[in-house]
Amino acid sequence: MIVVTGAAGFIGSCIVSKLNEDGIKDLILVDCVRGDGKERNLEGKQYDHYLDKKDFLGQIQEEKLNEHISCIIHMGACSSTILQDEQYFQENNFEYTRQLALWAIKHNVRFIYASSAATYGDGSRGYSDAHETIECYRPLNLYGESKQKFDLWALKEGLLNKMVGLKFFNVFGPNEYHKGDMRSVVAKSYGDVVEQGRMALFKSYREDYCDGEQKRDFIYVQDVVNVVSFFRNNPEINGLFNVGTGIARTWNDLAKALFSAVGRETNIKYVEMPEILKTRYQYFTQAEMDKLKSVGYSIPFMTLEDSVADYALYLKDHHYL
């Protein structure tokens, strides 16, 4: 039996789809569905049980989980980069993950969890996923701090060699519609591009970056799912790993790819960034991917243009307007 937390969410639901495609249906799906539309992501999925995240944690704490669990894929967390509730991040992102990890290790269960590139902060200290560099990073927001805190805890407790942490970079793709402002720019802009032929990007507030030339390591969710599947199938490999393409691209590149995908001329308007983001904005991210390749991962990542084109076709087919 495999447990997927955050199973109704963006990446979690795509992982469930992949498991089903691989013929795996012995699943326990864990999430917190509260009328936010996430339940759509569970439609058509095959699984044994669905549990609310609080109920699942209760079963873990009270040792009442009767099924034999072989793996926990923990994608359940708050990913908001603007939320300012430190206590919520402490309980929902750090403490919840810690308790699941301790239970998994105690019961010899494979544990794969989501970390984040938000842990790298402004990038001035690089983007190395080497364990010896973890302590040097300074996240720019509470979300990144919550992920960094768990990575540090796992490191200091000597547990990173018994689990897998995945530092996701800028993931985009199907099933993120429920995320509101935390959706990818492709998802948020698709309707404007198709209907009005225009798209908004944030202005730059640094002299070394022109508007729209800020760079991110954009990675399609299909590639992320393949990486998760690799670690599920190779339980002898542990540690903290970056999950990006290793190639930084500009927001302008992303916009041009979207306009091209829907057959529109590029028309970008640069808008003011919210005040809360101006001092916490990552102007450049690029994953160092040598470590993942060194443990045998060899599937090529999709290009930005191919990823955006595939996603745009999905959005069109699903009437995403």
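## Close-ups of salt bridges, rings and loops

**View 1. Aspartate 208 is exposed, at 52% relative accessible area.** Here, exposed means over 50%, buried means under 20%, and partly exposed is anything in between (1.4 Å probe, protein chains only). This is a predicted model, so local features need pLDDT of at least 70 and side-chain atom pairs count only at pLDDT 80 or more, while totals for chains, interfaces and linings use all residues. Residues are numbered from 1 along each chain as its sequence is written, and side-chain values use heavy atoms, leaving out hydrogens and water. The partner to look for is arginine 206, whose side chain meets that of aspartate 208 in a salt bridge, 2.7 Å from N to O. A salt bridge here is a side-chain nitrogen of Lys or Arg within 4 Å of a carboxyl oxygen of Asp or Glu. Arginine 206 is partly exposed, with 35% relative accessible area. Across the structure, there are 11 salt bridges.

**View 2. Glutamate 305 and arginine 249 make a salt bridge, with their closest N and O atoms 2.6 Å apart.** This one reaches across the chain: glutamate 305 is in helix α10 and arginine 249 is in strand β12 (residues 249-250), so distant parts 56 residues apart get linked. Helices (H or I, at least four residues) and strands (E, at least two) are DSSP runs numbered from the N terminus. Both partners are partly exposed: glutamate 305 has a relative accessibility of 35%, and arginine 249 comes in at 22%.

**View 3. Lys18, Asp22 and Arg232 are joined up in a salt-bridge network.** Within it, the side chains of lysine 18 and aspartate 22 meet at 3.5 Å, N to O. Aspartate 22 is partly exposed, since its relative accessibility is 36%. Serine 13, for comparison, sits in helix α1 (residues 10-21) and is buried at 0% relative accessibility.

**View 4. Phenylalanine 230 and tyrosine 297 pair up through their rings.** How many aromatic pairs does the structure hold? The count comes to 22. In the pair between phenylalanine 230 and tyrosine 297, the ring centres are 5.4 Å apart and the planes are at 85 degrees, which makes it edge-to-face. Phenylalanine 230 is in helix α6 (residues 221-233) and tyrosine 297 is in the loop between α9 (290-294) and α10 (304-317), so the pair ties together parts 67 residues apart in sequence. The rule for pairing is that rings of Phe, Tyr and Trp (its six-membered ring) have centres within 6.5 Å; planes under 30 degrees apart are stacked, over 60 edge-to-face, and the rest tilted. Both phenylalanine 230 and tyrosine 297 are buried. To give a sense of scale, the C-alpha of tyrosine 297 is 22 Å from that of serine 13, and the two residues are 284 apart in sequence.

**View 5. Phe94, Phe111, Tyr113, Phe150 and Trp153 form a cluster linked by ring pairs.** Phenylalanine 94 belongs to helix α3. With 7% relative accessibility, phenylalanine 94 counts as buried. Its C-alpha lies 19 Å from that of phenylalanine 169, which is 75 residues away along the chain.

**View 6. Asp85, Glu86, Glu91 and Glu145 make up a patch of negative charge on the surface.** Patch members have over 30% relative accessible area and no salt bridge, with like charges joined within 9 Å. Aspartate 85 is placed in the loop between β4 (71-74) and α3 (86-106). It is partly exposed, with 36% relative accessible area.

**View 7. Glutamate 63 has a phi near 55 degrees, a positive value in a residue that isn't glycine.** Find glutamate 63 in the loop between α2 (53-61) and β4. Its 40% relative accessibility puts glutamate 63 in the partly exposed class. Asparagine 108, also not a glycine, has a positive phi of about 55 degrees. The place to look for asparagine 108 is the loop between α3 and β5 (110-116). Is asparagine 108 buried or exposed? It counts as exposed, at 73% relative accessibility.

**View 8. Cysteine 32 sits in the loop between β2 (27-31) and β3 (49-52).** With a relative accessibility of 21%, cysteine 32 counts as partly exposed. From C-alpha to C-alpha, cysteine 32 is 9.1 Å from alanine 7, and the two are 25 residues apart in sequence.

Terms used. Patch = residues over 30% accessible without salt bridge, like charges linked within 9 Å, V, L, I, M, F, W, Y side chains within 5 Å. Areas by Shrake-Rupley, 256 points an atom, 1.4 Å probe, with all protein chains shown as cover. Lys, Arg positive; Asp, Glu negative; His and termini not counted. Charge placed at Lys NZ, Arg CZ, Asp CG, Glu CD.
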